[in-house]
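Here are my notes on this one, as numbered points. Have the model open while you read.

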Amino acid sequence: MTTLKLNNIKACVFDAYGTLFDVNAAAREEQAALGDKWEEVANNWRMKQLQYTWLRSLQKRHADFWQVTGDALDFALATSSIDDTELRDRLMNLYLKLSAYSEVKPMLETLKAANIRTAILSNGTQKMLDAAVENADIGHLLDGSYSIEDVGIYKPDPSVYQMAVDRLNVLPSEISFQSSNAWDAYAAKAFGFNVVWCNRFGQADEHLPGKPDAQITDLSALPPIVGA
């Protein structure tokens, strides 16, 4: 865990999936149906979900994150030899209700008390983000929730990070960006943000441009870093 303190932070911007919301929660909820394959399904679902966003951006064949999420789930279920339409529908509906990590709400409350603005910047559609935010009861703690659908391309395209600058009307140097996804954290740093990588899963450092300023294991460590 880092002891670094970032200066002049006016806004904290968060990735959603894996950072604020537990991407494994849907499959975990269906353990009874998935059995000992639930983790395999969860991991393949998430891996393919990300791969499809990158590939669609490169191919310039955009589809929204709800479709990508469904396509990725179909791949994951097929990989585990599961053919169950009702289960597939339940898993997709559960993705709209992913639980927030336990430290998220108190962390956001601390930031708001310190007059630091807060926002989500995510690949998710606005409907998906609104559902997750409502389920977690954190809407009153956010100044915005921004979907890549407004620019029509997925992270890590720089136009996505520019959205936060434009919507919050602050400089990149006045934003601290948080993501649990290393590729996202590195790309946001290369864009010009201050970046705190929430390395929940103990990943090794990436060999990419834009090394994050700080690394933490969960978001409870964030407030003192940004001066809250």
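1. How do the residues lining the largest pocket divide into nonpolar, polar and charged? They come out as seven nonpolar, six polar and one charged. (Ala, Val, Leu, Ile, Met, Phe, Trp, Tyr, Cys and Pro count as nonpolar, Asp, Glu, Lys and Arg as charged, and the others, Gly among them, as polar.)

2. Some ground rules: this is a predicted model, with local features needing pLDDT of at least 70 and side-chain atom pairs counting only at pLDDT 80 or more, while totals for chains, interfaces and linings use all residues. Numbering runs from 1 along each chain as its sequence is written, and side-chain values use heavy atoms, leaving out hydrogens and water.

3. Back to that pocket: it holds about 300 Å³ of space, and 14 residues line it, with Arg46, Leu50, Asn181, Phe201 and Gln203 nearest its centre. Helix H3 (38–59) and helix H9 (182–191) are the elements giving two or more residues to the lining, and H3 has the largest share, four residues. (Helices are DSSP runs of H or I, at least four residues, numbered from the N terminus.)

4. (On a 1 Å grid over the protein atoms alone, a cavity is a set of points where a 1.4 Å probe fits but cannot get out; a pocket is an open set with protein on both sides within 12 Å along at least five of seven lines; lining residues have an atom within 4 Å of a point. Volume is the space filled by probe spheres set on the points, which are joined across faces, edges and corners.)

5. Now H3's packing. (Axes are lines fitted to C-alpha atoms over the stretch in contact, with angles from 0 to 180 degrees between N-to-C directions.) Among the contact residues are Trp45, Arg46 and Gln49 of H3 and Phe65 of H4. (Contact means heavy atoms within 4.5 Å.)

6. H3 also packs with helix H5 (residues 85–95), at about 65° and with the axes 14 Å apart, so H3 is roughly perpendicular to H5. Here Trp45, Arg46 and Gln49 of H3 meet Leu91, Met92 and Tyr95 of H5.

Note on methods: Parallel < 35°, antiparallel > 145°, perpendicular 65-115°, else oblique.
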